[in-house]
Amino acid sequence: MNQTLERWSSRRAFILAVTGAAVGLGNIWRFPYITGENGGAAFLLLYVVFVVLLGLPVMMAEIMIGRAGRRSPMQSLGYLASRAGRNTGWRWLGLFGAFTVFCILSFYSVVSGWSIDFMVHAFRGSFSGQTAPQIGAYFNDFLANPARMTFNHTLFLVMTMAVVACGVSKGLERLNNLLMPLLYLLLIVLAGHAVSMDGFGPAMAWLFTPDFSAVTPMVFIHAMGHAFFTLAVGACALMAYGAYMPDHQSLPGAAAAVAVLDVLVALLAGIAIFSVVFTQGMDPGEGPALVFITLPVAFADLPMGAFWLGLFFLLLLLATWTSSINLAEPMVSTLVGWGLKRPVAALVVGICVWLVGLLCVASFSTLSDFHVIGSMNFFDVVSTIPPEIFLPLGGLLIAIFAAWVMPQQEALRALDAGPNGFRVWRAVVRWVSIPLVVLLLISPLFH
């Protein structure tokens with residue numbers, strides 16, 4: 001088992017890469033609508049608390065394993081378990097992670113294809129003057145057209161795998177160095193534009209003035225789940241990134257910077273989106289349709305609405321592109337660890353994900369009446385079970401491995417926070433993060 005030879009060139013490159021991995025649909029599509037459905041500011045506050053107590057410690061555990069092993073996720077887990085005199089069957093957690101991201105990328109690529117279509121039509125002004133039923137009809141017609149859906153799915157996947165095939169320094173790092181600053185610039189421009197809107201004041205009050213009477217046990221669970229989902233932990237993807245981490249870099253400092261940048265994206269996206277929604281007198285609790293139906297309607301009557309809406313979908317596309325690269329990397333690095341050349345590994349992964357993605361595409365048209373589990377079609381299954389069950393389960397096993405199984409001296413060295421910092425991290429993971437993940441996993445039993 002050879003160690004990984006590639007490294008991120010700098011601390012900044014590593015932080016931008018992991019931030020690019022974390023920032024995606026969870027921040028710009030899921031965060032606004034789940035915040036809207038769960039009462040605004042109280043949910044936001046709980047989400048930030050769980051990022052600190054749950055997401056961040058498990059993220060550090062995942063990166064730490066990759067950094068200590070300096071191999072693909074499977075190889076790192078097997079190597080460190082062997083070093084601790086434990087069962088090397090832990091390496092199969094890496095394969096479980098690869099399967100999880102395989103499922104997620106198959107639907108992620110399809111949904112990201114929606115943003116390509118909507119971006120092009122937004123910049124053309126196709127949504128100007130359209131009502132909600134008209135845009136809803138357009139969206140439904142698009143979903144029911146397998147040829148258009150397949151074209152966008154294919155285009156997005158080619159964009160993703162082409163970058164991964166180029167490797168760490170020439171592919172992942174170069175793209176992140178370009179796209180992440182651009183993403184933040186677009187967010188700041190959109191949020192800055194929101195300041196001039198009539199709905200900016202009400203949006204800020206709704207987002208930042210907590211109403212704790214709206215907090216229910218399920219609001220806690222949703223906040224916990226979103227904190228986990230948005231940091232991209234639990235699928236061994238960050239383990240692959242940790243393997244490329246520079247030797248002399250504080251892991252807690254880098255992980256904290258990523259968490260701050262990730263939450264900042266969600267906040268800026270929320271400010272931009274809800275300012276538009278409140279300006280137009282719409283309901284912030286519109287659900288998953290908020291981005292693809294409500295926002296086009298909301299932007300339609302604003303000055304230069306087509307430009308601002310196009311800019312928003314460009315932002316969504318860039319965020320999902322950097323995230324999808326992160327999803328593909330652990331699968332590709334696993335195949336590289338098995339002896340395949342990186343471009344060949346990227347091609348194999350890309351073709352397999354593309355084929356499963358076709359089933360997701362067909363779930364809205366030719367396979368719409370085919371139910372896999374209960375009333376859930378194929379798209380429903382892969383867009384629900386892997387993010388909501390497999391990710392927390394993977395995160396739980398990663399946290400247990402890092403805090404209880406791997407050699408603690410290796411963990412101490414990889415965390416690079418000093419003995420006291422290591423003891424604090426280990427105590428938080430053992431007695432706070434792990435119980436919270438267990439609670440998250442068993443929560444469906446109570447509703």
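In this predicted model, α1, α2 (25-37), α5, α10 and α14 (305-337) each supply at least two residues of the lining of the largest cavity. A search of the whole structure finds one cavity of 30 Å³ or more. The volume of the largest cavity is about 190 Å³. Its lining comprises 19 residues, and Ala21, Tyr108, Phe229, Ala232 and Leu327 are the closest to the centre. By class, 13 of the lining residues are nonpolar and six are polar; none is charged.

The largest pocket has a volume of about 900 Å³. A total of 40 residues line this pocket. Nearest its centre lie Arg30, Tyr33, Ser383, Thr384 and Glu388. Helices α2, α5, α6 (132-143), α10, α16 and α18 each contribute at least two lining residues. The largest share, ten residues, comes from α16. The pocket lining divides into 28 nonpolar, eight polar and four charged residues.

Arginine 30 sits over the face of phenylalanine 229, with 5.2 Å to the ring centre. A further case involves arginine 71, which lies over the face of tyrosine 79 at 3.9 Å from the ring centre.

Across the whole structure, 29 aromatic pairs are found. Tryptophan 8 and tyrosine 244 form an edge-to-face pair, with 5.9 Å between centres and 80 degrees between planes. This pair joins distant parts of the chain, as its members are 236 residues apart. Tryptophan 8 belongs to the segment before α1 (11-22), whereas tyrosine 244 belongs to the loop between α11 and α12 (251-279). Both tryptophan 8 and tyrosine 244 are buried.

Phenylalanine 99 and phenylalanine 390 form a tilted pair. Their centres are 6.1 Å apart, and 45 degrees separate the planes.

The loop between α10 and α11 holds alanine 232. Alanine 232 has a positive phi of about 60 degrees, although it is not a glycine. Its relative accessibility is 16%, so alanine 232 counts as buried, being under the 20% limit.

Glycine 234 lies in the loop between α10 (217-230) and α11 (237-243). Glycine 234 is buried because its relative accessible area is 2%, under the 20% limit. In space, glycine 234 is 4.6 Å from leucine 391, C-alpha to C-alpha, although 157 residues separate the two in sequence. Beyond residues up to four places away in sequence, glycine 234 touches Glu62, Phe228, Phe390, Leu391, Gly394, Gly395 and Ile398. Among these, Phe390 is the partner of phenylalanine 99 in the tilted pair.

A positive phi also occurs at methionine 304, about 55 degrees, again in a residue that is not a glycine. Methionine 304 lies in the loop between α13 (294-300) and α14. With 57% relative accessibility, methionine 304 counts as exposed because the value is over 50%.

Arginine 426 is placed in helix α18 (residues 418-442). Its relative accessibility of 22% makes arginine 426 partly exposed. The C-alpha atoms of arginine 426 and tryptophan 404 are 8.9 Å apart, at a sequence separation of 22 residues. Apart from neighbours within four places in sequence, arginine 426 is in contact with Ala403 and Gln408.

Note on methods. Residues numbered from 1 in each chain as written. Predicted model: local features only at pLDDT ≥ 70, side-chain atom pairs only at ≥ 80, totals over all residues. Heavy atoms only, no water. Helix = DSSP H or I, 4+ residues; strand = E, 2+ residues; numbered from the N terminus. Buried < 20%, exposed > 50% of the residue type's maximum accessible area, 1.4 Å probe, protein only. Contact = heavy atoms within 4.5 Å. Phe/Tyr/Trp six-rings, centres within 6.5 Å; stacked < 30°, edge-to-face > 60°. Lys NZ or Arg CZ within 6 Å of the ring centre and 35° of its normal. 1 Å grid on protein atoms, 1.4 Å probe; cavity = no way out; pocket = protein on both sides within 12 Å on 5 of 7 lines; lining within 4 Å. Points joined across faces, edges and corners; volume = space filled by probe spheres on them. Nonpolar A, V, L, I, M, F, W, Y, C, P; charged D, E, K, R; others polar.
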